[in-house]
Amino acid sequence: MLYQLGVIFFLALLLMAIARVIAVKLALVDKPSVRKQHQGHIPLSGGIAIYLSVVLFSFRQPDGIPHMAVYLGCVTALLLLGMLDDRFELPVAPRMTVQGGLALVMMLVAGMQLSSLGHLWGDDAVQLGYGALLMTPLAVWGAINAYNMVDGIDGQLGMLCCVTLAGLAALFALDGHLAAVLWCLSLIATLAAYLLFNLGVLGRRYQIFMGDAGSMVMGFTVLWLLLTATQGEDAVMRPVGALWLIAVPLMDMASVMLRRIVRRRSPFRADRDHLHHVLIRRGFSARQALAISGLLAMVLAAFGLFGELLALQENLMLAAFLLCSGGYFLLGREPRRTRMASGSPAADR
């Protein structure tokens, strides 16, 4: 397994370099602006390289996840949508329409859907029935946008995805699903190659960003794996446990959108109220903010894993998650004077 993961890592490095050249030729670059504070035009090629890596090791691991052909079709559509968004900054409506359509494909073609919420109260599991037709698209939109919104500083999206995938790999391993374990670890190896470029380890001149193409592909992939892990007879964890594995992206998205609604703004309007922005304004460097976000994600994911291993009551795990979400919301609040001093609301996402 280590040999195969090593091959995937070095292959991903090569694809990152090739995709970087392609992105420059297609003008898929992130330009500095008031809300994008970086130097130079950075190629938005990380998502392209990750997609190509996924396609290549899907041939090697066709049983890594269920309904591989449908999954690949969906992420291909998301990659193209994301590339168009990276190039032309599409409005919210067409993006959500395509994502909702792919949710229908998931349900109708592959049978992948959020149909059970687990034993949140009483002895019987909460079955959604026809409600799955509504909840599954909401889950798709939520996962994709949660990972898109959290991609605000170097390394954050890749690191948070690795935390989630590592938690899933552990749960799949405990239940003996070795093909799924290898799939998760392969994605981590690919993301490790991306982080070398994204964090400037190979030199700032070679830096790349994930782009909306990458965040959409990764958000959808994480959701596909979570549905695999929590739904059906082969489930390896309870649905409430999944919340803890994606806690930071989910809490951050919910908190930011709630603040926008409270301020009577569109929940989709970009600002600088994400946790990493708040941490930086409070004096932390970008790398320190990254470390804090990563540590928080690991602690919350570890709680979810232990909750699964110890079979804690699902209603208690949900209550604890909601309590942590409230704490996260309060952590991100700033005095009005501080918000005014920071200038006009702008954001990376």
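A residue is counted as buried when its relative accessible area is under 20%. In this predicted model, Cys161 has a relative accessibility of 0% and therefore counts as buried, and Cys162, at 15%, counts as buried as well.

Helix H10, which comprises residues 247-262, has 16 residues and reaches 22 Å from its first C-alpha to its last, close to the 22 Å expected at 1.5 Å a residue. Among the buried residues of H10 are Ala247, Val248, Pro249, Met251 and Met253, together with the charged residues Asp252, Arg259 and Arg260. The elements that cover these buried residues include helices H5 (132-149), H6 (156-174), H9 (239-245), H11 (275-281), H12 (286-309) and H13 (314-331). H10 is followed by Arg264, whose phi is positive, near 60°.

A packed pair of helices is described by the angle between the two axes and by the distance between them. Helix H4 (residues 92-110) and helix H8 (residues 211-230) pack at an angle of about 30°, with their axes 13 Å apart. Because angles under 35 degrees count as roughly parallel, H4 and H8 are roughly parallel to each other, and their crossing is right-handed. The contact is made by Arg95, Gln99, Met106 and Ala110 of H4 and by Met216, Phe220, Trp224 and Leu227 of H8.

Notes. Residues numbered from 1 in each chain as written. Predicted model: local features only at pLDDT ≥ 70, side-chain atom pairs only at ≥ 80, totals over all residues. Heavy atoms only, no water. Buried < 20%, exposed > 50% of the residue type's maximum accessible area, 1.4 Å probe, protein only. Helix = DSSP H or I, 4+ residues; strand = E, 2+ residues; numbered from the N terminus. Expected span 1.5 Å × (residues − 1). Contact = heavy atoms within 4.5 Å. Axes fitted to C-alpha atoms, helices over the stretch in contact; angles between N-to-C directions. Parallel < 35°, antiparallel > 145°, perpendicular 65-115°, else oblique. Left-handed = near helix turned anticlockwise from the far one by under 90°.
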